[in-house]
Amino acid sequence: MSKRSKRLKLVLDLAEKKKQQADQFLAASRQRVDNDQKTMAQLEQYVSDYQQSYLGAHAQGCTGAQLHTQQAFLQKIQDAKAAQIKAMEQNRRELDVVEQHWKAAYARVKGLQKLADKAVENELLEEEKALQKQLDERSQAIKTPFI
């Protein structure tokens, strides 16, 4: 049977692979949240710019059809903002779940690492005791001519 530290090393390697996957999921999720924030900022800037041009056009006078078209377009932008807010909320919830998964994977790796280190330490102590026992037995087996 192989040593306990070798068996734990295999389990540790698997846990580290899962943690690496969790790292990738966490990075991707954070990137989505960052992209959502950038998109929202762009939408808000676009709404602000369009409202300014809308007010400028309205001050100069416009037909009812032009006014209706501008209001419909402004409503579409507002709808896009509402959809973006929902997407942001969903991605934030997903990020929370992914962070919890990452924390669990990280804790598992750390725990297994401590366990593997302890197993190696115990095996080294056992080897040292066995070596000392052999040395003691050999020293007792050798007869000195003086006694």
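The model is predicted: local features need pLDDT of at least 70, side-chain atom pairs count only at pLDDT 80 or more, and totals for chains, interfaces and linings use all residues. Residues are numbered from 1 along each chain as its sequence is written, and side-chain values use heavy atoms, with hydrogens and water left out. The protein chain has two helices and zero strands. Its radius of gyration is 34 Å, well over the 15 Å that the globule rule gives for 147 residues, so the chain is more spread out than a compact globule.

**Fold and dimensions**

- Helices (H or I, at least four residues) and strands (E, at least two) are DSSP runs, numbered from the N terminus.
- Helix H1 takes in residues 4-60, and helix H2 takes in residues 64-141.
- The radius of gyration is taken over C-alpha atoms; the globule rule is 2.2 Å times the number of residues to the power 0.38.
- Along the principal axes, the C-alpha atoms fill a box of roughly 125 × 25 × 15 Å.
- Of the contacts with a separation of 6 or more, 88% are between residues 24 or more positions apart. Contact means heavy atoms within 4.5 Å.

**Surface and charge**

- Buried residues make up 20% of the 147 residues. Buried means under 20% relative accessible area, exposed over 50%, and partly exposed in between (1.4 Å probe, protein chains only).
- The chain exposes about 11,500 Å², and carbon and sulfur atoms supply 56% of that area. Accessible areas come from the Shrake-Rupley method with a 1.4 Å probe; for residues, only the protein chains shown count as cover.
- There are 25 positive and 20 negative side chains, and the centres of the two sets lie 4 Å apart. Lys and Arg count as positive and Asp and Glu as negative; His and the chain ends are not counted. The place of a charge is taken as NZ of Lys, CZ of Arg, CG of Asp or CD of Glu.

**Aromatic pairs**

- The whole structure holds three aromatic pairs. Rings of Phe, Tyr and Trp (its six-membered ring) pair if their centres lie within 6.5 Å; planes under 30 degrees apart count as stacked, over 60 as edge-to-face and the rest as tilted.
- The ring centres of Tyr46 and Phe73 lie 6.3 Å apart with planes at 80 degrees, so this pair is edge-to-face.
- Tyr46 sits in helix H1 and Phe73 in helix H2, so the pair ties together parts that are 27 residues apart in sequence.
- Tyr46 is partly exposed at 41% relative accessibility. Phe73 is partly exposed at 32%.
- The ring centres of Trp102 and Tyr106 lie 5.2 Å apart with planes at 20 degrees, so this pair is stacked.
- Trp102 and Tyr106 both belong to helix H2, four residues apart, about one turn of the helix.
- Trp102 is partly exposed at 24% relative accessibility. Tyr106 is partly exposed at 35%.
- Ring pairs also link Tyr46, Tyr50 and Phe73 into a cluster.

**Approaches across the sequence**

- Ile85 is in helix H2 and is partly exposed at 39% relative accessibility.
- Ile85 and Asp36 are 49 residues apart along the chain, with C-alpha atoms separated by 8.4 Å.
- Val11 is in helix H1 and is partly exposed at 33% relative accessibility.
- Val11 and Gln113 are 102 residues apart along the chain, with C-alpha atoms separated by 9.7 Å.
- Leaving aside neighbours within four places in sequence, Val11 is in contact with Arg108 and Leu112.
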